Amino acid sequence: VEYSYSDDELAFLSAQDSDGFNRWEAVQRLTLVRLQRLTDEVENGQDPTSIDDLFIGTLRTLLRDESLSPAFRELALTLPSEAFIGEQRTIVDPSAIRAARRALARVIGRRLADDWHHIYSTLGTPGEYSPAAGPAGRRALRNLALAYLAEAEVEGAEPMVRRQLDEATNLTDRQAALSALINSRMPGHEDTLQQLAREWQDEPLLMYKWYQLQAMAMAHPDEPPVVERVRRLLQHPGFSLTNPNNVFALIRSFCLSNEAEFHRRDGSGYRFWTEQVLALDRINPTVAARVARALERWRKYTPERQAGMRRALEQVATCRPLSRDVREIVTKSLEQ
């Protein structure tokens, strides 16, 4: 059943509905409407407009409602993913979606800064690490608070990020702080990354996270594209194309989970995809086919991106020899 709720009705449901799923869905629908509008504005070359008080008030009500578990509040206050936003659009412009999502995150971080500071300061989980639902939920909401404060560049956010990175006693908190550091304009993150690589070099699972966080990073306008970082990481002493977990952590994460950077208008991501699919096909066709799926939905994107993806698919399709696994993926993609 489809029903066109007004914003006031959705705000009421998010605060009062007796069913947790309905509360979550109401706030997600409110959020998605604003993300769609902001994306339209970015695509039209406009500066994103201000965010209304009703929406911010709805988020504040949820955030302050201590009858709700921290885990639920974290789920409700996490913005829809870029991939989900793209699924709701007829034509996908990943750069515009990312710009809109980040713009909204900065507004939420700034306008709810006091609440986020309170959450961060009160939801610590001292003592021995526990994977139980309660401590996990508190960590999740606390790390969401850190992410919003860092994205909004709120005063005091940088020391909080660095302190958590240094003092965290579990990988969840350390990874959250490292993600905030990489995706912000905070200086010195390269030194921190190199330090962690030295610490983690004998721990494969940690190095997978190290590769993945960098592959999924969000570059700022005055920074080189992420594809250049990914190319450099291919030469890292701990990386090998023959290790599927390395490939999934770095190459597949970049191609399938960092849409705004992979789908840059200059086509650099598609050239990288072509090189890596062909190189992997000679080593492990099954892994190569997993990476090849990044271009399956090429007709969903803007015309200039469609053209670049089609050229990349055709280039791979005409190469010989080519494994059956990869040939099936690229051939079916071109036929769609």
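Student: Which residues does tryptophan 116 touch, leaving out those up to four places away in sequence?
Tutor: Keep in mind as we go that this is a predicted model. Tryptophan 116 touches Leu63, Leu77, Ile108, Gly109, Leu141, Leu144, Ala145, Tyr148 and Leu149.

Student: Now the open spaces. How much space lies in the largest pocket, and which residues lie nearest its centre?
Tutor: The largest pocket has about 1,100 Å³ of space. Its lining has 36 residues, and Arg101, Ala147, Ser179, Asn183 and Met218 lie nearest the centre.

Student: Which elements give two or more residues to that lining?
Tutor: They are α4 (70-77), α5 (82-87), α6 (94-111), α8 (133-151), α10 (171-183), α12 (204-215) and α14 (244-257). The most comes from α8, which gives 8 residues to the lining of the largest pocket.

Student: And how do the residues lining the largest pocket divide by type?
Tutor: You'll find 17 nonpolar, 11 polar and 8 charged residues there.

Student: What about the second largest pocket: how much space lies in it?
Tutor: About 570 Å³. It is lined by 21 residues, and the closest to its centre are Ala99, Arg102, Ala219, His220 and Pro221. Two or more lining residues come from each of α6, α8 and α15 (259-262), with α6 giving the largest share, 6 residues. By type, the lining of the second largest pocket has 7 nonpolar, 4 polar and 10 charged residues.

Student: How many cavities of 30 Å³ or more turn up in the whole structure?
Tutor: The search finds 1. The largest cavity has about 30 Å³ of space.

Student: Which residues line the largest cavity?
Tutor: Look for Thr31, Phe55, Leu59, Ala76, Leu77, Thr78, Leu79, Ile108 and Tyr148. At least two of the cavity's lining residues come from α3 (53-64), and at least two from α4. The lining of the largest cavity divides into 7 nonpolar, 2 polar and no charged residues.

Student: On to cysteines. How many disulfides does the structure hold?
Tutor: It holds 0.

Student: Is cysteine 255 buried or exposed?
Tutor: The cut-off for buried is under 20% relative accessible area. Cysteine 255 has 2%, so it is buried. Cysteine 319, at 23%, counts as partly exposed.

Student: Let me try the loops. Where does serine 240 lie?
Tutor: Serine 240 is in the loop between α13 (226-233) and α14. With a relative accessible area of 28%, serine 240 is partly exposed. Setting aside neighbours within four places in sequence, serine 240 is in contact with Asn246 and Val247.

Student: And where does asparagine 44 lie?
Tutor: Asparagine 44 sits in the loop between α2 (20-43) and α3. Asparagine 44 counts as exposed, at 57% relative accessibility. From asparagine 44 to tryptophan 200 is 156 residues in sequence, and 45 Å in space from C-alpha to C-alpha.

Student: Backbone angles are new to me. Is the peptide bond from arginine 320 to proline 321 cis or trans?
Tutor: That peptide bond is cis, with omega near -5°. Proline 321 is in the loop between α18 (303-317) and α19 (324-335).

Student: What is phi of glutamate 153 near?
Tutor: Near 55°, which is a positive value in a residue other than glycine. Glutamate 153 belongs to the loop between α8 and α9 (157-167), and it counts as exposed, at 54% relative accessibility.

Terms used: Residues numbered from 1 in each chain as written. Predicted model: local features only at pLDDT ≥ 70, side-chain atom pairs only at ≥ 80, totals over all residues. Heavy atoms only, no water. Contact = heavy atoms within 4.5 Å. 1 Å grid on protein atoms, 1.4 Å probe; cavity = no way out; pocket = protein on both sides within 12 Å on 5 of 7 lines; lining within 4 Å. Points joined across faces, edges and corners; volume = space filled by probe spheres on them. Helix = DSSP H or I, 4+ residues; strand = E, 2+ residues; numbered from the N terminus. Nonpolar A, V, L, I, M, F, W, Y, C, P; charged D, E, K, R; others polar. Disulfide = S-S within 2.5 Å. Buried < 20%, exposed > 50% of the residue type's maximum accessible area, 1.4 Å probe, protein only.
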